[in-house]
Amino acid sequence: MSSNNTWVCFACNSGFRKDKNLRSLNCQFCGSSCVNLGYKIAIPLKSKPKLWEQLRFDYYLRERQQRADRRDQCLQRIRWYEQEIAKLEARPKSIDREKVILNLKASRADLWRELPLFG
Ligand SMILES: [Zn+2]
């Protein structure tokens, strides 16, 4: 059974039911990028611009909050790596420990690269 999500185009106020696994979707009417609102979201009629405005507002508010949450999680994980690295570096050197430290530093660097994605 295929599973659809509600995608909307905020440029021309159109809604589509499309596969939830799509990574992106362009509007079949105006070609703009659509956004995925998830499962079972009621789509306003085109003749109700105020409802579309509310939908758009809610979407961007939620999206901003989600990005802020993910950035915070990312920063917490970076802090955790900093602490682990500091703990290990404070102990006597060993080849095995150096390898672990290098891995931790690589993971920390990955997180620093991810961070700008969250605004
Ligand atoms: Zn459109």
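Is Asn21 buried or exposed, and how many other C-beta atoms lie within 10 Å? The first legend below takes up this residue.

**View 1. Asn21 sits in the loop between β2 and β3.** Asn21 is exposed, with 10 other C-beta atoms within 10 Å. Here a residue is called buried if 20 or more other C-beta atoms lie within 10 Å of its own, exposed if 12 or fewer, and partly exposed in between, with C-beta atoms placed from the backbone. Strands (E, at least two residues) and helices (H or I, at least four) are DSSP runs, numbered from the N terminus. From C-alpha to C-alpha, Asn21 and Pro49 are 28 Å apart in space and 28 residues apart in sequence. Please keep in mind that this is a predicted model, in which local features need pLDDT of at least 70 and side-chain atom pairs count only at pLDDT 80 or more, while totals for chains, interfaces and linings use all residues. Residues are numbered from 1 along each chain as its sequence is written.

**View 2. Phe29 belongs to the loop between β2 and β3 (35-38).** Phe29 counts as exposed, having 12 C-beta neighbours inside 10 Å. Setting aside neighbours within four places in sequence, Phe29 is in contact with Cys12 and Ser14; contact means that the C-beta atoms of two residues, placed from the backbone, lie within 7 Å. Cys9 is 20 residues from Phe29 in sequence, and their C-alpha atoms are 9.1 Å apart.

**View 3. Asn13 lies in the loop between β1 (4-9) and β2 (14-19).** Look at the backbone here: phi of Asn13 is near 55°, a positive value in a residue other than glycine. Most residues other than glycine have a negative phi. Asn13 is buried, with 22 other C-beta atoms within 10 Å. Now find Ser47, in the loop between β3 and α1. Ser47 counts as exposed, with 8 C-beta neighbours inside 10 Å. Ser47 and Asn13 are 34 residues apart along the chain, and 9.3 Å separates their C-alpha atoms.

**View 4. Helix α1 has 42 residues and reaches 61 Å from its first C-alpha to its last.** That reach is close to the 62 Å expected at 1.5 Å a residue, where the expected span is 1.5 Å times one less than the number of residues. α1 is hardly covered, with three buried residues among its 42. The buried residues in α1 are Trp52, Leu55 and Tyr81, and what covers them includes α2. Arg56 is also found in α1, and it is partly exposed, with 14 other C-beta atoms within 10 Å.

**View 5. Helix α1 (residues 49-90) packs with helix α2 (residues 95-114).** The angle is about 160° and the axes are 9 Å apart; axes are lines fitted to C-alpha atoms, for helices over the stretch in contact, and angles run from 0 to 180 degrees between N-to-C directions. α1 and α2 are therefore roughly antiparallel to each other, a term for angles over 145 degrees, whereas those under 35 count as roughly parallel, 65 to 115 as roughly perpendicular and the rest as oblique. Among the residues that meet are Tyr81, Ile85 and Leu88 in α1 and Val100, Leu104 and Trp112 in α2. By class, this contact has 10 nonpolar, one polar and seven charged residues. Ala, Val, Leu, Ile, Met, Phe, Trp, Tyr, Cys and Pro count as nonpolar, Asp, Glu, Lys and Arg as charged, and the others, Gly among them, as polar.

**View 6. Helix α2 has 20 residues and reaches 29 Å from its first C-alpha to its last.** This is close to the 28 Å expected at 1.5 Å a residue. α2 is hardly covered, and its count of buried residues is zero.
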